[in-house]
Structures are given as C-alpha cells and as structure tokens.
Amino acid sequence: MRIKGAIFDMDGTLIDSLSYWEIAWKRFGKAYLGVEDYVPEPTLDAKGRTMRLTDCAVMIKKHFDLAVTDEEIINFFADNLWDFYRTTASLKPGAKETLEALKKAGVRMCIASATDGENVRKVARLFDIDRYMLAIVSCCDPDVEKGKDQPDVYEKALRVLGTAAEETAVFEDSPVAIETAKKMGLFTVGCYDKYNYGHDRLEALSDVYLPAGCAMDQAIRQL
C-alpha cells in the first residue's frame, strides 16, 4: 500500500446522512417561507453542504433576509440533527471494511469534517468508527474556522497524522473539497453520494472515483 495516512470526510462519505438536508429544507420552508415541501435552488443548497453549519445558517438567513437572530436560525438547523443520526443515518457500504483494511495495513487515519467536532465525535462513537481514528478535526475548530474550500482543515489533519500530503489519501463526496485536497498534492478518492452535487466534476478531479453502486472498499487495492 502506497499511502501512510488517510483523511475521511464524515457526512456523505463514511455516513449516509446527507438526506438530512432534504428534511431540514422542508422544515425551513414551512416555518420561515410558508411553503410546503420547499426545495431550495441547487446553487444555494450545494454551497451550504460544504460549509460549517453555523456559517450555512447565517448564509441562509442573509439570503432570505430573515428578521431573526443568527442564533435562532443556527439552532433551527441543528435541532433534531442528533435524532436523525440515531434513527435514520447509516454507515456507507464498504466503510467499515475500508477502515479495517487500512488499520491492518498500519495506515494512520482521522476524520476531517465540516460538522462541529463534538457532534462528529458523538456520531463516530455511535457507529463504532472512532476506534479507527487518531483524531477528529473539524472546520469549526478554533485553529481552523474555515470551510473545505480552504486547505486549513486538511493541513491540520496532516499535522495530526504526521504524514506528508503525497502519501496521504483523502476520501470525500464533495467536488469542492476534492479540489482543495488535489491542489495540496493529496491522493484523492471521490465517493459518489446521490444527495450531493457535481458528480461529473468529482469524478474528473479524483485520482480514484467510486461511482454509484460501488462500495468504498473497492478503492483499497488502488491506494
């Protein structure tokens, strides 16, 4: 195996959880716009999915010019998120097998997520994947505080792992995140998720691409 380190996104990559946004948008539309079964414009939806939840909520508030506090809209989108993970979300096909194989190969692993670090830790414990990780880093960490359109969260992940970019793989479902990792010289594994955008771009940017119906562990022999 060529790689010595692996950085995993959580939502949409390790965990099948991006359907949360369909639920959240419908709740938002009903509560704030008076619209049943609200579906946002794709550009707004796609942009929000790679941002920290706090930044996303504030962006939404500004976009719709809502006369509410930042805290109210942040809490609205965070509400019931844990129940969603507990009752609806699941591990992606091949995720556990991939982690097991990399662990046996001595690959150092961590999660790098746009979700708040404490919530990521709770979810990782819930799905019993925390034991594979040296650490969990988040775009919300005080020494990061930037989304995945910037390299900061991956730079922190590399420091945690102690591996060089060229010997580290990044597993992501977002073309924005994959593009950032690619520019840093990381080996990129693009993971299809039906709830995300830009599948063609994700495939084009990835060193290894896992299309619809392809389990994550199919990438192992190419690492």
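Guide: Start with the second largest pocket: 16 residues line it, and Lys92, Pro93, Tyr192, Gly213 and Cys214 lie nearest its centre. This is a predicted model, in which local features need pLDDT of at least 70, side-chain atom pairs count only at pLDDT 80 or more, and totals for chains, interfaces and linings use all residues. Residues are numbered from 1 along each chain as its sequence is written, and side-chain values use heavy atoms, with hydrogens and water left out.

Visitor: What counts as a pocket and as a lining residue?

Guide: Rolling a probe the size of a water molecule over the atoms shows where empty space is left. Grid points are joined across faces, edges and corners, and a volume is the space filled by probe spheres set on the points. For the second largest pocket the volume is about 270 Å³.

Visitor: How do the lining residues of the second largest pocket divide by class?

Guide: Ten are nonpolar, two polar and four charged. Nonpolar covers Ala, Val, Leu, Ile, Met, Phe, Trp, Tyr, Cys and Pro; charged covers Asp, Glu, Lys and Arg; the others, Gly among them, are polar.

Visitor: How much space lies in the largest pocket?

Guide: About 530 Å³. Its lining has 33 residues, and Asp11, Trp21, Met51, Ala114 and Thr115 are the closest to the centre. Two or more lining residues come from each of H1 (20–33), H2 (42–49), H3 (53–63), H4 (70–78), H5 (81–87) and H7 (117–126). H5 gives the largest share, four residues. By class, the lining of the largest pocket holds 16 nonpolar, nine polar and eight charged residues. Helices (H or I, at least four residues) and strands (E, at least two) are DSSP runs, numbered from the N terminus.

Visitor: How far does H1 reach?

Guide: From first C-alpha to last, the 14 residues of H1 reach 19 Å, close to the 20 Å expected at 1.5 Å a residue. The expected span is 1.5 Å times one less than the number of residues.

Visitor: Which residues of H1 are buried?

Guide: An α-helix has 3.6 residues a turn, so residues three or four places apart point the same way. In H1, the buried residues are Tyr20, Trp21, Ala24, Trp25, Phe28 and Gly29. They sit on the same side of H1 because they cover an arc of only 155° around the axis. The arc is that of the directions from the helix axis to the C-beta atoms. Lys30 and Ala31, on the other side of H1, are exposed. Buried means under 20% relative accessible area, exposed over 50%, partly exposed in between (1.4 Å probe, protein chains only).

Visitor: What covers the buried residues of H1?

Guide: The cover includes H2, H3, H4 and H5. Take Tyr20, which lies in H1 and is buried at a relative accessible area of 7%. Beyond its neighbours within four places in sequence, Tyr20 is in contact (heavy atoms within 4.5 Å) with Phe77, Ala78, Asp79, Leu81 and Phe84. Tyr20 and Phe77 are 57 residues apart in sequence, with 9.9 Å between their C-alpha atoms.

Visitor: Where is the buried side of H2?

Guide: Leu44, Asp45, Gly48 and Arg49 are buried. Their arc around the axis is only 125°, which puts them on the same side of H2. These buried residues pack against H1 and H3. On the face turned away, Thr43 and Lys47 are exposed.

Visitor: Which residue just after H1 takes a positive phi?

Guide: Most residues other than glycine have a negative phi. Just after H1, Gly34 has a positive phi of about 65°. Asp65 is not a glycine, yet its phi is positive, about 50°. Asp65 lies in the loop between H3 and H4 and is exposed at 69% relative accessibility. Glu145, also not a glycine, has a positive phi of about 50°. Glu145 lies in the loop between strand E5 (135–138) and helix H8 (152–161), and is partly exposed at 47%.

Visitor: What is Arg201 in contact with, leaving aside its neighbours within four places in sequence?

Guide: Pro175, Val176 and Glu179. Arg201 belongs to helix H10 (residues 199–205). At 38% relative accessibility, Arg201 is partly exposed.

Key. 1 Å grid on protein atoms, 1.4 Å probe; cavity = no way out; pocket = protein on both sides within 12 Å on 5 of 7 lines; lining within 4 Å.
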